[in-house]
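Here are a few exercises to work through with the model open beside you. Try each task before reading its solution.

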Amino acid sequence: MFKKKTTIKKVITRKTKKKGYQSVKGMHDVLPKDQLYWSKIRSEISNLAEYYNFNRIDTPIVEQAELFEKGVGETTDIVEKQMFTLRSGRDKLVLRPEGTAAVVRAFLEHGFSHLPQPVKLYYIGPMFRKERPQEGRFRQFHQAGFEIIGDGNDPIYDTQIILTSYRFLESLKIKNLDVQINTIGCKSCRPDYRRRLVDYYRKKDICKNCQRRLKTNPLRILDCKEEKCQEFKKNAPIILDYLCVVCKSQFESVLEYLEELDLPYSLNNHLVRGLDYYNQTVFEIFAEDFKGALASGGRYDYLTKMLGGKDTPAVGVAIGLERVIMVMKKNKVKLPAKQKPKVFFIHVGSLAKKKSLSLIEELKKSGIKIGEALGKGSLQAQLRQADKGEALLALIFGQKEAFEKSIIIRDLATGSQESVLLDKFIKEIKKKLK
Ligand code: HAM
């Protein structure tokens, strides 16, 4: 009996040990090998933001649930099923599922309507949605977003938002981009279209989800991916036939600006987006050989008012950065490799080791980047490490050098070396590196 018990215990311990702790489902570590992609993305975003005059904003990761219930919409998938909820006393808080509602909240909270309009903001940060993880769909993912808030609903801003996201993807060498665009009308023309859509779908044998959408959000039926709903889409009424004069002219202007820029686009009558705050222009940008949208956005003229502000037209986009990196990898986009140190520091003996950190600080002050293996004791082990990098010079600091206040500078290609006094060694290294 005793023997059996210990065996089970051992098995359990072994199992737990083998598995260990893992990151939470749908959430991933960004490993050092991928940081080059992230640095490139961050620098392109800030370059573009600088050029097109967007200012950076960072909002908290945790927000009131109500912000998204009101802003994104009670009957959207995001609010119905995907928010990570936290409780803090009476407050119902959530990990933000998207950035737009939060940016508008900040716009109102900090009185940005008193600033010269429009206010152009951008952000980069993690978002959280409790979705079923699959290719390109995660529970924690990062978005870069650009928002133009205020100054009427001039269609030139819609085009500038599309252009900014397009240029960003282009700057990452992502080719064959497909900008799909549609309009979903406004408060005055959309109800009529919605009625037509409901009439059309009422007698169709649509999936359960769409039957529910028919009551809550009929436009979303057009976005259904279920096989049985596809054939009905072909003959479904399209919004272009029901637009009011204002929406029609708005949409035409956006397309004209795109054409003027020679920016390719395709009209997609079924594009409706999954968040309730949109009106008029909606768009998504796709890349070849990748199923999901890399960037999505549109106009959201009613959101500011829905969140308690005054009427403030706005338009924006968010780009899914993990997806962008997946496409960059698929396209084998080359990135400039991180510059490796040209100088490798080696210490031998306890006195030299004791003085190494302050010597390295001196090198740092002079802008000389070094490689090191400070924890390794032997000269051989440190030299082996130096050989693995791209160092041209090794600095060897031993017991004798520590006493004599000197250091050996060794040319790693030829093996020749010389001893130099510490008050001259920086100058000597710089000379040799030239
Ligand atoms: P969204 O379409 O929900 O829009 O997300 C924007 C982009 O984020 C998507 O095109 C996709 O690239 C990425 N994305 C969304 N969900 C996931 C996920 N689970 N895993 C990986 N990537 C994902 C918005 O969030 C709006 N706030 C966009 C916007 C800004 N509209 C106006 N301004």
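Buried means under 20% relative accessible area, exposed over 50%, and partly exposed in between, with a 1.4 Å probe and protein chains only as cover. This is a predicted model, in which local features need pLDDT of at least 70 and side-chain atom pairs count only at pLDDT 80 or more, while totals for chains, interfaces and linings use all residues. Residues are numbered from 1 along each chain as its sequence is written, and side-chain values use heavy atoms, with hydrogens and water left out.

**Exercise 1. Describe the surroundings of the ligand.**

Step 1. Start with the shell: it holds 26 residues, of which Glu98, Thr100, Glu131, Tyr278 and Ser296 come nearest. A residue is near a molecule if one of its heavy atoms lies within 4 Å of it.

Step 2. Sort the shell by class, and you get eleven nonpolar, eight polar and seven charged residues. Here Ala, Val, Leu, Ile, Met, Phe, Trp, Tyr, Cys and Pro count as nonpolar, Asp, Glu, Lys and Arg as charged, and the others, Gly among them, as polar.

Step 3. Look for the strands involved: S6 (140-149), S10 (295-299) and S11 (314-320) each supply at least two residues of the shell. Strands (E, at least two residues) and helices (H or I, at least four) are DSSP runs numbered from the N terminus.

Step 4. Now check polar atoms. A polar side-chain atom of glutamate 98 sits 2.6 Å from a ligand nitrogen atom, and one of tyrosine 277 is 2.9 Å from a nitrogen atom of the ligand.

**Exercise 2. Is aspartate 158 buried or exposed, and what does it touch?**

Step 1. Locate aspartate 158 in helix H6. Its relative accessible area is 1%, so the residue is buried.

Step 2. List its contacts, leaving out residues up to four places away in sequence: Gln250, Val254, Thr281, Arg299 and Val315.

Step 3. One of these stands out for a side-chain pairing: aspartate 158 and arginine 299 are joined by a polar contact of 2.7 Å. A polar contact is a pair of N or O atoms within 3.5 Å; within protein, one must be able to donate a hydrogen and the other to accept it, and residues adjacent in sequence count only if both atoms are side-chain atoms.

**Exercise 3. Examine the backbone at asparagine 53, lysine 173 and proline 118.**

Step 1. Asparagine 53, in the loop between H2 and strand S1 (55-56), has a positive phi near 65 degrees without being a glycine. It counts as exposed because its relative accessibility is 57%.

Step 2. Lysine 173 lies in the loop between H6 and strand S7 (178-183). Its phi is also positive, about 65 degrees, and at 52% relative accessibility lysine 173 counts as exposed.

Step 3. Finish with the cis peptide bond between glutamine 117 and proline 118, where omega is about 0 degrees.

Technical notes. Contact means heavy atoms within 4.5 Å.
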